[in-house]
Amino acid sequence: MDDLDIVARQLGRRPRAFRRVAVRCPFGRPAVTEQRPLDERGRPFPTQFYVTCPHLVAQISRLEAAGGVERWTRAAEEDEELARSLEQAHAEQRALRPELPGGIGGATRTGSLKCLHAHGAFALARPGYELGDRILADVGGLWPEGS
């Protein structure tokens, strides 16, 4: 089974705009994929790095459900280091994909975080993103026990 087939099974559908696996879990399976700027029909696909590992998706979803988007948006507003990290990551995202104007997750406005999955994926695929690293630390166990 190739990576595309594995990602399709992880998502329960064929991935749109799939380019490659960017990060693998400790079991060697796809964890984060990189997407093309445009999908197969020429439509913009705003998220460059996409979490596909079902365990990681669930962990980040729990954090979001517990108010994580609001908490981390507030942290990025109140902490200068995190605000700088977020702005640098958005600038890096725009430089990586000049075809699309948005930052991480396609964000076009500054200040609020849109999706912790996108920030976690960016942090895993592009090491050194402080805000993303802290979000992932808040998630807890990124991988299942025994990895």
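Predicted model: local features only at pLDDT ≥ 70, side-chain atom pairs only at ≥ 80, totals over all residues.
Student: What makes E1 and E2 a pair of strands?
Tutor: Two strands pair if at least two bridges are found between them, and 5 bridges join E1 to E2, residues 30-35, with the two strands running antiparallel, so by that cut-off they count as paired. In the hairpin that they form, 5 residues lie between the strands, and Gly28 takes a positive phi near 85 degrees.

Student: Why are E1 and E3 said to stand at the edges?
Tutor: The open sheet has 3 strands in the order E1-E2-E3, paired antiparallel. Strand E1 (18-24) and strand E3 (49-51) each have a single partner strand, so one side of each is left without a neighbour in the sheet. From one strand to the next, the twist averages 35 degrees.

Student: Why is E2 described as largely enclosed by the rest of the structure?
Tutor: A residue counts as buried when its relative accessible area is under 20%, and because 6 of the 6 residues of E2 are buried, the strand is largely enclosed by the rest of the structure.

Student: Is helix H5 roughly parallel or roughly perpendicular to helix H6, and how do you know?
Tutor: H5 (residues 116-125) and H6 (residues 130-139) pack at an angle of about 110 degrees, their axes being 8 Å apart. Angles of 65 to 115 degrees count as roughly perpendicular, which means that H5 is roughly perpendicular to H6. On the H5 side, the contact is made by Leu116, His119, Gly120, Ala123 and Leu124, and on the H6 side by Gly132, Asp133, Ile135 and Leu136.

Student: What makes up the contact of H5 with H6 by class?
Tutor: The contact has 5 nonpolar, 3 polar and 1 charged residues, and since Gly is counted among the polar residues, Gly120 and Gly132 belong to the polar class.

Student: Which residues of H3 meet H6?
Tutor: Arg71, Trp72 and Ala76 in H3 meet Leu131, Arg134, Ile135 and Asp138 in H6, and this contact divides into 4 nonpolar, no polar and 3 charged residues.

Notes
Residues numbered from 1 in each chain as written. Heavy atoms only, no water. Axes fitted to C-alpha atoms, helices over the stretch in contact; angles between N-to-C directions. Helix = DSSP H or I, 4+ residues; strand = E, 2+ residues; numbered from the N terminus. Parallel < 35°, antiparallel > 145°, perpendicular 65-115°, else oblique. Contact = heavy atoms within 4.5 Å. Buried < 20%, exposed > 50% of the residue type's maximum accessible area, 1.4 Å probe, protein only.
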